[in-house]
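Visitor: Please show me the model, and let us go through the terms used to describe it one by one.

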Amino acid sequence: MFKKLEDSSGNVVGFKAIGTITASDYQLLVPDVRALVEKEGNIRMLYDLSDFKWEKLEAWLPDLKFASEFHHEIEKMAIVGDKSWEKWMTHLAKPFYARDAKFFHSSDIAKAWAWLRE
């Protein structure tokens, strides 16, 4: 599931991925992001993956559709986590999910929020 983070404000929004992500999780995430894009134009997004386990195969298509729909509107994406594969995901974020992306360790989440607000 995706949980919207309380530090979200203005055009900066954060979500925490918890457990295993399913296709139905995107049905909740997409309208939230779409509404923010319609209101703010370009947005900046934080993904906290510290409690993320995996994404079910059924969620891959909604995930790709999310990337296709919002890639040009997401100026920056901060990916927060502790695993080396999560850091690797940052390299996928640039060409598919956001115009700029950066990885932060969970202990540096305040730095991730600060980078998004620069």
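Visitor: How do you know that the span of α1 agrees with what its 18 residues should give?

Guide: This is a predicted model, in which local features need pLDDT of at least 70 and side-chain atom pairs count only at pLDDT 80 or more, while totals for chains, interfaces and linings use all residues. Residues are numbered from 1 along each chain as its sequence is written, and side-chain values use heavy atoms, with hydrogens and water left out. The expected span of a helix is 1.5 Å times one less than its number of residues, so the 18 residues of α1 should span 26 Å, and the end C-alpha atoms are 26 Å apart, which agrees. Helices (H or I, at least four residues) and strands (E, at least two) are DSSP runs, numbered from the N terminus. Just after α1, G41 takes a positive phi of about 85 degrees.

Visitor: Why is V33 called buried?

Guide: Buried means under 20% relative accessible area, exposed over 50%, and partly exposed in between (1.4 Å probe, protein chains only); V33 has 1% relative accessibility and therefore counts as buried. V33 is found in helix α1, whose buried residues also include Y26, L29 and V37, and these buried residues of α1 pack against β1 (2-4), β2, β3 and α2. Leaving aside neighbours within four places in sequence, V33 is in contact (heavy atoms within 4.5 Å) with F15, I43, M45, F66 and F70.

Visitor: Why is L64 called exposed?

Guide: L64, which lies in helix α2, has 54% relative accessibility and so counts as exposed. The C-alpha atoms of L64 and V37, 27 residues apart along the chain, are separated by 18 Å.

Visitor: What makes a set of residues a nonpolar core, and which members of the largest one touch the most others?

Guide: A nonpolar core is a set of buried Ala, Val, Leu, Ile, Met, Phe, Trp, Tyr and Cys residues joined through side-chain atoms within 4.5 Å. In the largest, which has 28 residues, V33, M45, F66 and M77 touch the most other members. Its largest share, 6 residues, comes from α1. Leaving aside neighbours within four places in sequence, F66 is in contact with residues including Y26, L29, V33, M45 and Y97. A second, separate core of 10 residues includes L5, V12, A78 and L116.

Visitor: What makes D51 and K16 a salt bridge?

Guide: A salt bridge is a side-chain nitrogen of Lys or Arg within 4 Å of a carboxyl oxygen of Asp or Glu, and the closest N and O atoms of D51 and K16 are 3.1 Å apart, so the pair qualifies. The two residues are 35 apart, D51 in strand β3 and K16 in strand β2. D51, with a relative accessible area of 37%, is therefore partly exposed, whereas K16, at 17%, is buried.

Visitor: How do you know that the salt bridge of R44 and E75 ties together separate parts of the sequence?

Guide: R44 and E75 form a salt bridge with their closest N and O atoms 3.0 Å apart. R44 lies in strand β3 and E75 in strand β4, so the pair ties together parts that are 31 residues apart in sequence. At 15% relative accessibility R44 counts as buried, while E75, at 23%, counts as partly exposed. A search of the whole structure finds 7 salt bridges.
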